[in-house]
Amino acid sequence: MTAIYGHLFSVGRGIFIFSPALLLVLPVFARFHDRHNRESLVVLSVSATMLCFYSLYHSWEGGWGYGNRYLLPLVPVLLLPLPLVFERLRQGRSPWLAAFVGTALLGGFLVQVLGLSVHISFVLHRYGYEEPAYLFTPSMGQLNSHLDALLSGYGIDFWLYRIVTQVGWDAAVVTALPWVVSMLLGVLLLTAKRHPEVDDGSEALDLARG
């Protein structure tokens, strides 16, 4: 049970802590199950299998990696119902939902900034992660340690800048381009307006003929 809790909610490895966008899926998963029964069963079965498998592993925490590297492949699978969240968001009926979505996405962005901007090896040597304290104690967790290191200017590692200075602009552009394109596509999908289906009267004409 400790490993299961650690994988899901602990401050050191909790998948919902390091990928807060997953919280958005919880309220709409029942609707996703109603619309896509088989797909939802696949999501649940794959998630349960991976969670149980890595919870039984003796080193379930996965070493010194940032966040939960064992369950990381599950994140895109668990996010399959996310379009239903944005469908409700477009309806504009709940300002609380908009605030919830904004908070979760901003939280996920900040978590990734902390992981990418500070070199984990330097943080490890400075703060000396002690097991199991850093997994379950907020003040000793990775997020707190990385935030403290970033604010104090210790171990800062802007990887894209290093690629530019050590390899070249061409390598940096090739590395960053998929991320930029993905972000732009995401913004376009979120802001695009659906065009209502035009009724050309064919259905009514068929009924009249019948």
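**Asn68 and its contacts**

I started with what Asn68 touches once its neighbours within four places in sequence are set aside: Asn68 is in contact with His7 and Arg13. I'm working on a predicted model here. Where is Asn68 found? I traced Asn68 to the loop between helix 4 (37-56) and helix 5 (74-78). Buried or exposed, I wondered about Asn68? Its relative accessibility is 8%, so I put Asn68 down as buried, the cut-off for that being under 20%.

**Salt bridge**

Next I looked for salt bridges and got a count of one. Arg35 pairs with Glu87, and their closest N and O atoms are 3.1 Å apart. The pair links distant parts of the chain: Arg35 belongs to helix 3 (residues 29-35) and Glu87 to helix 6 (residues 82-91), with the two 52 residues apart. I also checked the cover on Arg35: relative accessibility is 45%, so Arg35 goes in as partly exposed.

**Nonpolar patch**

Last, I went over the surface. Which residues make the nonpolar patch of about 630 Å²? I listed Trp169, Val173, Leu177, Val181, Leu185 and Leu188. I then looked up Trp169 on its own and found it in helix 12 (residues 169-191). Trp169 counts as exposed because its relative accessibility is 65%, and the exposed class takes values over 50%.

How values were computed
Residues numbered from 1 in each chain as written. Predicted model: local features only at pLDDT ≥ 70, side-chain atom pairs only at ≥ 80, totals over all residues. Heavy atoms only, no water. Patch = residues over 30% accessible without salt bridge, like charges linked within 9 Å, V, L, I, M, F, W, Y side chains within 5 Å. Areas by Shrake-Rupley, 256 points an atom, 1.4 Å probe, with all protein chains shown as cover. Salt bridge = Lys/Arg side-chain N within 4 Å of Asp/Glu carboxyl O. Helix = DSSP H or I, 4+ residues; strand = E, 2+ residues; numbered from the N terminus. Buried < 20%, exposed > 50% of the residue type's maximum accessible area, 1.4 Å probe, protein only. Contact = heavy atoms within 4.5 Å.
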